Amino acid sequence: MSCHHSLLTLPREVRDEIYTLLLDSSNVPPSSPGETGLRYKEAVEDVVFSNRKIFYPPPTIWKGPTSALLQCNRQLRHEIVDFTVNTYQNKGGKCELDVMLKGCMLWPTWTKLVHSVAKMEHLEVKLRLFDVKRGRGLFWGDGGPGLTFVVFFRLLNRLVHHGPRFLYNEQENQSLKIQTLTLNVLPGYGEVLGPDDRRSKDQEDPGAKRKERLKQEYKRIYQHICSSVSQVVGEGLLSEKIQTLKVCYGDKVAVYNTDGITPNTSPSDEWKEWGFVWGVDERMKVEKIDSTAI
């Protein structure tokens, strides 16, 4: 006699284990900005610096690994929503965001995102830097934050005020609270191991020397990112949004805590001149674009 088995014939505790595996699964990010394919960029251009752009992932990445099961039947939908709320939304969830940076352009990709989460216990952001030797001066400015940090701050603003979708939607817009955000500064693929284009081939181990120079550049970039983060935390902009923010590079870790800092809803006039905007932006519109052509 044949025996028909389905997901609903399994014990509830087994189904919960399956839901856990689904929610803990990760997406593989693009290896480089040239591999991102179709993206969405802001239709409202930066009137001061038009080269500062963010290329957002398509909506399909926002649905989460359980989106297909949510559409199967009412029982599965009820179980998954109940499991997600009790396990992740009420207790906080760990999420991962990959961000590729080249010049003043960002390509964010969620590699692990809990469905409909309104708060995160831990968010790990991997900031992968590409073409550092050409854009290293963009990390620090003439007495102010570098242009690259300004566009990264814009992405952070979209996240905490618009939610994981980044883009404003009146019906779906939700603010996000993060207990700990860890920003890992990493080299992009091929950044360290590439050939040294400033030394002749007959010189001894040019690749190792270029690698050492790039390490020093990354240390300087890390220091400037820490300086900019410290100023943002001191302004009170992250208070009641992000409790603890860590900036990491190799074995170096800088920790910033917002406890005890009075919340602020607007950057200083000086920071506004550098293009900093904080809060919900109802002007946010997007348009499709093939970012591989950038």
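The following exercises, each with a worked solution, concern a predicted model of a protein.

Residues are numbered from 1 along each chain as its sequence is written, and side-chain values use heavy atoms, with hydrogens and water left out. Because the model is predicted, local features need a pLDDT of at least 70 and side-chain atom pairs count only at pLDDT 80 or more, whereas totals for chains, interfaces and linings use all residues.

**Exercise 1. Overall description**

Task: Describe the secondary structure, burial, contacts and surface of the protein.

Solution. Step 1: Helices (H or I, at least four residues) and strands (E, at least two) are DSSP runs, numbered from the N terminus. The protein comprises seven helices and nine strands.

Step 1: A residue is buried when its relative accessible area is under 20%, exposed when over 50%, and partly exposed in between (1.4 Å probe, protein chains only). Of the 294 residues, 44% are buried.

Step 2: A contact means heavy atoms within 4.5 Å. Among contacts with a separation of 6 or more, 75% join residues 24 or more positions apart.

Step 3: Accessible areas come from the Shrake-Rupley method with a 1.4 Å probe; for residues, only the protein chains shown count as cover. The protein exposes about 15,500 Å², of which carbon and sulfur atoms supply 50%.

**Exercise 2. Confidence**

Task: State where confidence is lowest and where it is highest.

Solution. Step 1: The pLDDT is the predictor's confidence in each residue, from 0 to 100. Its average over the protein is 76, and 69% of the residues score at least 70.

Step 1: Strand β9 (residues 286-290) has the lowest confidence, with a mean of 55, and strand β8 (residues 252-257) the highest, at 96.

Step 2: The pLDDT is below 50 over residues 192-203, a stretch that has 14 contacts in the model beyond near neighbours in sequence.

**Exercise 3. Cysteines**

Task: Count the disulfides, and classify Cys 72 and Cys 104 by accessibility.

Solution. Step 1: A disulfide is a pair of cysteine sulfur atoms within 2.5 Å. The count by this rule is zero.

Step 1: Cys 72 has 48% relative accessibility and is therefore partly exposed. Cys 104 has 3% and is therefore buried.

**Exercise 4. Selected residues**

Task: Locate Thr 180, Glu 240, Phe 276 and Pro 29, and describe the setting of each.

Solution. Step 1: Thr 180 belongs to strand β6 (residues 177-187). With 16% relative accessibility, Thr 180 is buried. Not counting residues up to four places away in sequence, Thr 180 touches Glu 121, His 122, Leu 123, Thr 244 and Lys 246.

Step 1: Glu 240 lies in the loop between α6 (206-235) and β7 (242-249). Although not a glycine, Glu 240 has a positive phi of about 65°. Its relative accessible area of 62% makes Glu 240 exposed.

Step 2: Phe 276 is in the loop between α7 (269-273) and β9. Phe 276 is buried, at a relative accessible area of 3%. Phe 276 and Arg 154 are 122 residues apart in sequence, with 7.2 Å between their C-alpha atoms.

Step 3: Pro 29 is in the loop between α1 and β1 (38-42). Pro 29 has 29% relative accessibility and is therefore partly exposed. Leaving aside neighbours within four places in sequence, Pro 29 is in contact with Asp 98, Thr 109, Thr 111 and Arg 128.
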